[in-house]
Amino acid sequence: MLPARRMRLLNPGPVTLTDEVREALLGSDLCHRQPEYTALQDEIRQRLQTVYSDAAANYTAVLVTGSGTAAVECMVDSLVPRSGRALVVANGVYGERIASILSIHQKPFEVVSSPWTGPIDLAGVERRLAASPAITHVITVHHETTTGRLNDVASLGQLCRQHRVPLLLDTVSSFGGELLRFAEWNVQACAATANKCLHGVPGTAFVLVRRDVLEGQKSAATSLYLDLFRHWSSQQQGSTQFTPAVQSMYALRAALSELEADGGWQTRHAHYLALSSRLRRQLIDLGFSLLLEDESVYSSTLTSFNLPPGVSFDRLYAEMVEHGFVIYPGQKELQTRIFRIAVMGDLSSSDIDEFAMGVEGVIGPVGKHQPAPVLH
Ligand SMILES: *Cc1c(COP(=O)(O)O)cnc(C)c1O
């Protein structure tokens with residue numbers, strides 16, 4: 001193989017791979033009707049449902065071949081019936097995407113939304129739950145990757161428990177890297193993907209869902225491919241509905257083994273937090289400012305920084321690629337205002353130091369009066 005240059009991906013997935021995960025992609029050719037495939041699938045499902053010890057007893061992992069959105073759509077469409085009513089709690093692109101999914105599948109819903117830079121509106125949720133007994137599901141995003149805010153799902157989960165309404169979570173950018181409490185937060189299901197905090201490659205996503213729901217309810221899916229119940233029943237029998245991304249699953253198996261060997265999600269969380277704190281300190285020292293009000297509201301994995309006056313994302317991106325780093329833009333109205341840095345993947349503190357030095361080399365200290373930096 002060609003020794004490719006090591007690019008460090010600072011976007012929120014796909015991530016910088018370890019050599020072990022990359023090499024796992026070269027596993028044997030395998031038909032998904034062979035017993036070895038069943039063993040691979042069983043092992044991955046088993047490992048996914050034990051990432052959080054809290055979930056191990058009552059939840060099962062259902063695999064879906066697709067990106068994170070496939071898992072979110074599969075969860076939402078299969079669990080919310082047209083006779084139900086969802087309350088979507090949104091403060092960013094991914095919360096709004098959940099509302100779009102419900103709308104496309106013609107599922108009744110209402111939205112409690114807040115500005116993208118604000119927290120979820122818990123008082124608004126409480127009012128809606130009190131006023132509307134018709135609400136059957138509350139749905140939100142755990143880590144809103146739009147800004148990097150880790151939403152207060154503990155408080156939301158409390159409200160769900162009080163009102164006996166199940167909570168569905170988009171944990172696509174937090175599963176494996178942040179604390180999740182399943183019973184305490186009244187979580188019925190959460191959706192996630194292989195290629196963010198779990199450090200696998202794109203192609204495999206999954207829903208972790210309460211077993212009693214799968215056993216006791218009928219599917220509400222209005223989609224053939226994204227029917228959670230169909231996937232579950234075939235996976236329970238050691239089979240698979242459709243052709244899975246076999247190589248992505250090889251990589252996910254290796255990535256889950258690494259996660260376990262490293263000490264599980266808690267160790268990964270501590271590592272992310274150390275890297276993000278280091279990054280924030282260094283960039284703030286250079287004069288950058290955070291988009292959100294305070295460092296404490298961020299997840300461990302992603303930080304949104306305001307672009308300094310006169311520095312475009314495109315220029316910073318292009319300069320940093322030369323240093324071997326890929327940075328990530330803001331979305332929609334934040335596109336020209338911010339850049340985002342995620343620390344998922346195989347990254348170390350020296351990568352962060354090198355990144356901060358590179359940024360300083362490109363634009364110099366921000367906000368200090370000095371001659372325009374020379375760009376070469
Ligand atoms: C990445 C992400 C998704 C899914 O995005 P895909 O491009 O479909 O993988 C969904 N929700 C959140 C919060 C995400 O960060």
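Tutor: Start with residue classes: Ala, Val, Leu, Ile, Met, Phe, Trp, Tyr, Cys and Pro count as nonpolar, Asp, Glu, Lys and Arg as charged, and the others, Gly among them, as polar. This is a predicted model, in which local features need pLDDT of at least 70, side-chain atom pairs count only at pLDDT 80 or more, and totals for chains, interfaces and linings use all residues. Residues are numbered from 1 along each chain as its sequence is written, and side-chain values use heavy atoms, leaving out hydrogens and water.

Student: How do the residues of the lining of the largest cavity divide?

Tutor: Seven are nonpolar and eight are polar.

Student: What makes a space a cavity, and what makes it a pocket?

Tutor: Take a 1 Å grid over the protein atoms alone. In a cavity, a 1.4 Å probe fits at the points but cannot get out. A pocket is an open set, with protein on both sides within 12 Å along at least five of seven lines. Lining residues have an atom within 4 Å of a point. Points join across faces, edges and corners, and the volume is the space filled by probe spheres set on them.

Student: How many cavities of 30 Å³ or more does a search of the whole structure find?

Tutor: One. The largest cavity holds about 100 Å³ of space. Its lining has 15 residues, with Leu63, Thr65, Gln235, Thr240 and Pro244 closest to the centre.

Student: Which elements give two or more residues to that lining?

Tutor: Helix H2 (35–49), strand E2 (59–65) and helix H9 (228–236). E2 gives the largest share, three residues. Helices (H or I, at least four residues) and strands (E, at least two) are DSSP runs, numbered from the N terminus.

Student: What lines the largest pocket?

Tutor: There are 23 lining residues, and Gly68, Thr69, Tyr94, Val172 and Lys196 lie nearest the centre. The space comes to about 300 Å³. Helix H4 (68–79) and helix H5 (93–104) each supply at least two lining residues. By class, nine are nonpolar, 11 polar and three charged.

Student: Why is Glu110 called buried?

Tutor: Buried means under 20% relative accessible area, exposed over 50%, partly exposed in between (1.4 Å probe, protein chains only). Glu110 has 13%, so it is buried. Glu110 sits in strand E4 (residues 109–113).

Student: What makes the link between the side chains of Glu110 and Arg128 a polar contact?

Tutor: A polar contact is a pair of N or O atoms within 3.5 Å; within protein, one must be able to donate a hydrogen and the other to accept it, and residues adjacent in sequence count only if both atoms are side-chain atoms. The Glu110 and Arg128 side chains are joined at 2.9 Å, within that limit.

Student: How do you know whether His199 is buried or exposed?

Tutor: Its relative accessibility is 7%, so His199 counts as buried. His199 lies in the loop between strand E9 (187–193) and strand E10 (204–210). Its side chain makes a polar contact of 2.6 Å with the side chain of Tyr272. The His199 side chain also reaches the backbone nitrogen of Gly345 at 2.9 Å.

Student: Why does Gln106 count as exposed?

Tutor: Gln106 has 58% relative accessibility, so it passes the exposed cut-off. Gln106 is in the loop between H5 and E4. Its phi is positive, about 55°, although Gln106 is not a glycine.

Student: What is the phi of Lys332 near?

Tutor: Near 45°, a positive value in a residue other than glycine. Lys332 is exposed, with a relative accessible area of 58%.

Student: What makes a set of residues a nonpolar core?

Tutor: The members are buried Ala, Val, Leu, Ile, Met, Phe, Trp, Tyr and Cys residues, joined through side-chain atoms within 4.5 Å. The largest nonpolar core here has 77 residues. Leu79, Val207, Leu228, Phe288, Phe339 and Phe355 touch the most other members. H4 gives the most to this core, seven residues. Another core, of 44 residues, lies apart from it and includes Tyr59, Leu129, Cys160 and Leu208.

Student: Which residues is Phe355 in contact with, leaving aside its neighbours within four places in sequence?

Tutor: Contact means heavy atoms within 4.5 Å. Phe355 meets Leu10, Leu279, Leu283, Met320, Phe325, Ile327 and Ile341.
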